[in-house]
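Please keep the sequence and the structure in view while reading.

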Amino acid sequence: MKKTTEQNYQKRIRRVMNRIADNLDEDLSLASLAETAHLSPYHFHRVFRGMVGESVAAHIRRLRLERAAQQLMYTEKPVTEIAFCARYEAVESFSRAFSDVFGLSPKSYREAGRSEHGMPDTWNTARQTGPNGFVLNHLGESTMNVDIKTLEDRLVACVRHVGPYNECEHAWRTLCDWAGPKGLLNPTTQFIGVGYDDPEVTAPEKIRYDACITVPKGVEPEGKVGVMTLAGGEFAVTLHKGPYSKLAATYAELCGQWIPSSGREMASKPAYEVYLNTPDTTAPEELLTEIYLPLA
């Protein structure tokens, strides 16, 4: 069963990669690629990153730049046309992105490729140590420590934050300032974050995040504070230790490595995080966050 599931995930992601490679001139939205993979948009980007080694956006951008390199080498197209073909509106931004990947400006790359000396050794070395490209990461047995937990529905009070994840502190302050005087903050209270968007796909000003605390029945919404139910069920749970900025890597391993090798499927619902300590009194490297990934 585990081997079958792993092979199934590999087929899904290869299907996506083939679609990307064959349609670089299209607007390749996350939703349409997730549909190609038959995966929930909630989790698709994490599966892709975990299995391929780079984000969907980075993969598309790199393939477009590699095609641009071929056009520079083997055609007489002007740099402006090649930049537009690579989906850059300005030659300057294209040149910066191209230089970041290849170590040469587009003009220098074209000249070096056509000179008697050929491409510099530093370029070949850089390419050999680059992203995985079309080679999927070897999965094998994941070493991540994951528990399967069955949870009941939980009632939470929440404050919605819209904007970059690292600017959600005001939502927590609003929630805690409301909950404190009501006696809702106690040793059994859980602090939970629900993120709905991928910052590599969604514009920073549109990212949605709910700051939540568990509350007893009977609590009513008030002002900016809402009340909702976090659905129960089976969850894959793992512990992330370290700064919140590194959570994406743990999600990628959980969704893109552990899930395909586990024999389980993810539910089409957002994951959430339970914060076991606070950055107010804890060093970033000592922060503990439990990730709850809903299972089908």
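**Helix 4**

Helix 4, formed by residues 56-74, contains 19 residues and spans 27 Å from its first C-alpha to its last, close to the 27 Å expected at 1.5 Å a residue. The model described here is predicted. The points below treat the surroundings of this helix, a pair of helices, and the sheet.

**Helix 2 and helix 3**

- Two packed helices are described by the angle between their axes and the distance between the axes.
- Helix 2 (residues 30-37) and helix 3 (residues 41-52) have axes that come within 9 Å and cross at roughly 80°.
- Because angles of 65 to 115 degrees count as roughly perpendicular, helix 2 is roughly perpendicular to helix 3.
- Helix 2 contributes Leu30, Leu33, Ala34 and Ala37 to the contact, while helix 3 contributes Pro41, Phe44 and His45.
- Sorted by class, the contact of helix 2 with helix 3 comprises six nonpolar residues, one polar residue and no charged residues.

- Eight strands form an open sheet in the order 1-6-8-7-3-4-2-5, and their pairing is antiparallel.
- Strand 1 (147-151) and strand 5 (226-230) are the edge strands, each of which pairs on one side only.
- On average, neighbouring strands of this sheet are turned by 35° against each other, direction ignored.
- Helix 10 (residues 247-262) lies across strand 1, strand 6 (233-241), strand 7 and strand 8, and runs at about 40° to strand 8.

**Strand 7 and its two partners**

- Strand 7 (residues 272-275) is joined by four bridges to strand 3 (residues 191-195), and the two run antiparallel.
- Within this pairing, Val194 has Tyr272 of strand 7 as its bridge partner, and Ile192 has Val274 of strand 7.
- Strand 7 also pairs with strand 8 (residues 288-294) in the antiparallel sense, over four bridges.
- Here the bridge partner of Glu273 is Ile291 in strand 8.

**Side chains of strand 7**

- In a regular strand the side chains alternate between the two faces of the sheet.
- In strand 7, Tyr272 and Val274 point one way, whereas Glu273 and Tyr275 point the other way.
- Are these four residues of strand 7, namely Tyr272, Glu273, Val274 and Tyr275, buried or exposed? All of them are buried.

Methods:
Residues are numbered from 1 along each chain as its sequence is written. This is a predicted model: local features need pLDDT of at least 70, side-chain atom pairs count only at pLDDT 80 or more; totals for chains, interfaces and linings use all residues. Side-chain values use heavy atoms; hydrogens and water are left out. The expected span of a helix is 1.5 Å times one less than its number of residues. Buried means under 20% relative accessible area, exposed over 50%, partly exposed in between (1.4 Å probe, protein chains only). Two strands pair if DSSP finds at least two bridges between them. Axes are lines fitted to C-alpha atoms, for helices over the stretch in contact, and angles run from 0 to 180 degrees between N-to-C directions. Contact means heavy atoms within 4.5 Å. Angles under 35 degrees count as roughly parallel, over 145 as roughly antiparallel, 65 to 115 as roughly perpendicular and the rest as oblique. Ala, Val, Leu, Ile, Met, Phe, Trp, Tyr, Cys and Pro count as nonpolar, Asp, Glu, Lys and Arg as charged, and the others, Gly among them, as polar.
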